[in-house]
Amino acid sequence: MALSMHRDSNSSGSGSSKQQQQMDASKYVRYTPEQVDALERVYAECPKPSSLRRQQLIRECPILSNIEPKQIKVWFQNRRYTCVSLKAVGTCGFFIILFNLCCDSLLAIAEETLAEFLGKATGTAVDWVQMIGMKPGPDSIGIVAVSRNCSGVAARACGLVSLEPTKVAEILKDRLSWFRDCRCLDVASAIPTGNGGTIELVYMQVYAPTTLASARDFWTLRYITSLEDGSLVICERSLTSSTGGPAGPPATCFARAEMLPSGYLIRPCEGGGSIIHIVDHIDFDAGSVPEVLRPLYESSKILAQKMTMAALRHIRQIAQETNGEVQYSGGRQPAVLRALSQRLCRGFNDAVNGFVDDGWSIMSSDGVEDVTIAVNTSPNKFLGSQYNNLSMLPTFGGVLCARASMLLQNVPPALLVRFLREHRSEWADYGVDVYSAASLKASPYAVPCSKPGGFPSSQVILPLAQTVEHEEFLEVVRLEGHAFSPEDIAMSRDMYLLQLCSGIDETTTGACAQLVFAPIDESFGDDAPLLPSGFRVIPLEPKSDGPAATRTLDLASALEVGHGGARAGGEADTSNQNLRSVLTIAFQFTFENHYQESVAAMARQYVRSIVASVQRVAMAIAPSQLSSHMVPKPFPGSPEAVTLAQWICRSYSMHTGAELLQADSPAGDAILKQLWHHSDAIMCCSVKMNASAVFTFANQAGLDMLETTLVALQDIMLEKILDEAGRKILLSEFSKIMQQGFAYLPAGVCVSSMGRPVSYEQAVAWKVLNDDDANHCLAFMFMNWSFV
């Protein structure tokens, strides 16, 4: 322990020598880590060395030559004190005693931390570069910079808020309220300093963002003080042997990270309000995680988004709420809505991390390690006070979580999460939703395990709240059930989800995109139990220094190269798009005592089906889907994409007498690529008796016009995109199309899948014939289209 020890003032002597000893007693010694190591080695052999042994120690260790024998004596005395107290009062009591014992030493560390922090906040102690992708103008978060070529990762921000410095300091100290990754923050001890400040020993735990790495914890000294100009400062750094402070107690399931001098400088403004300077500088011990995941812990941009900018955004949110600029929604005050958002995030983080001290344990797998099943049998995990009754407890088995992680290639996180939010039917199972919703009913296990597949549902999103910069949305999702048979009517009721969506702005750099939701009752209370599930997609910054940067890996399968789309280790990325991200999926379910195994099997299969759905979606929305080695995947029961492209072009030429593509008559894949990149929106839809016409194919311009993807295209019906006038024209021309094979349609307006109106100058509709000249589908081409 690198502690500061007082000189021994108990020796007898003359008055002048006593006075000198008293003067010496006011001084302290900072031991270097090397000196502490030498003293600790002797202490391990002899905790109470004699005077002769102490003198011998100084002779044998030149690094101790500048320390007087009396100081060595005091070091050993204090070392034996601390050992007794550790056994007598436990770890917490040990640090309280140690804290008071070494306050002079800690004050020196605090002042040093303050100086280093100010050098980063207002100077060039770190090589700062302005963060790109920030919104300009008065509504921006402020000036944000990230580190370049420094130890660990660092970010800083500066902004103006309309709150007084003391209020700002109070908010920032409460890291649990705004830092979504913070699991706990405990002030182990606090002591006032002679200059009016306060020193605190702080222990903090931080969730792991994925299932593939350990959570982090910190043991820090936090120094709160005022500067001569009236500014408030809260600065902080880790206590380690190298910084001269006592190392904190180790914790299971956590890797110790180091906080380098960081903090907040809060300056009062003359007209009211505050100017805030924030610095976060952390070494996450990236070397302890799998190499492919290290960018998560080596990215200053991710740190800026998750911690630095989050603090400034939270303060601005509180300021606007305080000033009455935020409107209440649904009768709930902003603080209540923020608390609900926090509970959703915390519940999802708990599910992803599955800490043993929360009651989680891992179930044995079924032989395939892609999905992990964890179980928590503690009633406190889910049951709220209104459900914690004698009639329910005997049947309550616990909570089960199925989770998986995977690496995605060339899929923007914001785009993927936005698709998952807007097209829930692409991946969700109504039968599983029914089972999740059943946990909220008076008889929660009336549906032990609904049949998968079930009947479809549509969703209606009802907004509740959004943050000041619209980077996060809290909303209620109503799932409307539709029954197709009498026996399904009882189960086809509407269900509700409380949902949190964040990071769906594609222009924001370094942001994590997340979709988290939990089933709720129709009239959910502020303290209603929440069991969150969902998706988190975190970008991995591109790396050009090594083959690992250009490999597609399935992290859920022991970090081995997966099937399809994988490149050899040294193969270059020919598309120059090396956008990678980590997707983490976690779904939670309650279960009855006797149904644990069946629910586990259902959950495992459900998450596997979701992974497969996400992989299909990722292939469809990847920007490079038509690179030299990829073509659109055909839908089940449809011809190969190249064959369909040939039918479309041949039928157009046959009916209209004109060529759809260039006159050089391309063949094979070239036809598909030309059709795909055609400037006009081309799409095909099915033509079946007594059934609505649904789209089965569209080129890139068609997908852009409909604002959809190849996967979601099948959910769109022709009649839904045409306005009333367009439907009437198509109906009047339909017989003509079927008889002569085509028809020209006048200019009009249609609607995209997102509800946006689209105008076009002309459209052509024609029959697409297969190789047997039988009707296969109906094709449309919308010319010179644009959003209104």
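**Sheets and helices in a predicted model**

Strand 27 and strand 30 (residues 762-769) run antiparallel and are joined by four bridges. In this predicted model, one of the pairings can be followed residue by residue: Phe742 has Trp766 in strand 30 as its bridge partner. Helix 17 (residues 724-740) packs on the sheet, where it touches strand 27, strand 30 and strand 31 (775-783). The direction of helix 17 makes about 150° with that of strand 27.

Stepping back to the whole sheet, five strands are arranged in the order 26-25-31-30-27, and the sheet is open, with antiparallel pairing. Strand 26 (695-698) and strand 27 (742-745) form the edges, each pairing on one side only. On average, neighbouring strands of this sheet are turned by 20° against each other, direction ignored.

A second open sheet has three strands in the order 28-29-32, again with antiparallel pairing. Here the edge strands are strand 28 (748-751) and strand 32 (786-787), and each pairs on one side only. Strand 29 (residues 757-760) is joined to strand 32 by two bridges, and the two strands run antiparallel. Within this pairing, Val758 finds its bridge partner, Phe787, in strand 32.

With strand 19 (residues 495-502), strand 20 pairs in the antiparallel sense over seven bridges, and Gln499 has Phe517 in strand 20 as its bridge partner. With strand 21 (residues 533-540), strand 20 is joined by five bridges, again running antiparallel; here Ala513 stands opposite Val537 in strand 21.

Attention now turns to the helices. Helix 2 (residues 33-45) has 13 residues, which should span 18 Å at 1.5 Å a residue; its end C-alpha atoms are 19 Å apart, in agreement with that expectation. Which residues of helix 2 are buried? They are Gln35, Val36, Ala38, Leu39, Val42 and Tyr43. An α-helix has 3.6 residues a turn, so residues three or four places apart point the same way. Seen down the axis of helix 2, the buried residues fall within an arc of 160°, so they line one face of the helix. On the other side of helix 2, Arg41, Ala44 and Glu45 are exposed.

Two packed helices are described by the angle between their axes and the distance between the axes. Helix 8 (residues 300-322) and helix 9 (residues 334-353) pack at an angle of about 155°, and their axes are 11 Å apart. Because angles over 145 degrees count as roughly antiparallel, helix 8 is roughly antiparallel to helix 9. At the meeting place, His314, Gln317, Ile318 and Glu321 in helix 8 meet Pro334, Ala335 and Arg338 in helix 9.

Asp433 lies in helix 11 (residues 430-438). Is Asp433 buried or exposed? With a relative accessible area of 11%, Asp433 is buried, because the cut-off for that term is under 20%. Leaving aside neighbours within four places in sequence, Asp433 is in contact with Arg424, Ala428, Leu479 and Met495.

Key. Residues are numbered from 1 along each chain as its sequence is written. This is a predicted model: local features need pLDDT of at least 70, side-chain atom pairs count only at pLDDT 80 or more; totals for chains, interfaces and linings use all residues. Side-chain values use heavy atoms; hydrogens and water are left out. Two strands pair if DSSP finds at least two bridges between them. Buried means under 20% relative accessible area, exposed over 50%, partly exposed in between (1.4 Å probe, protein chains only). Contact means heavy atoms within 4.5 Å. The expected span of a helix is 1.5 Å times one less than its number of residues. The arc is that of the directions from the helix axis to the C-beta atoms. Axes are lines fitted to C-alpha atoms, for helices over the stretch in contact, and angles run from 0 to 180 degrees between N-to-C directions. Angles under 35 degrees count as roughly parallel, over 145 as roughly antiparallel, 65 to 115 as roughly perpendicular and the rest as oblique.
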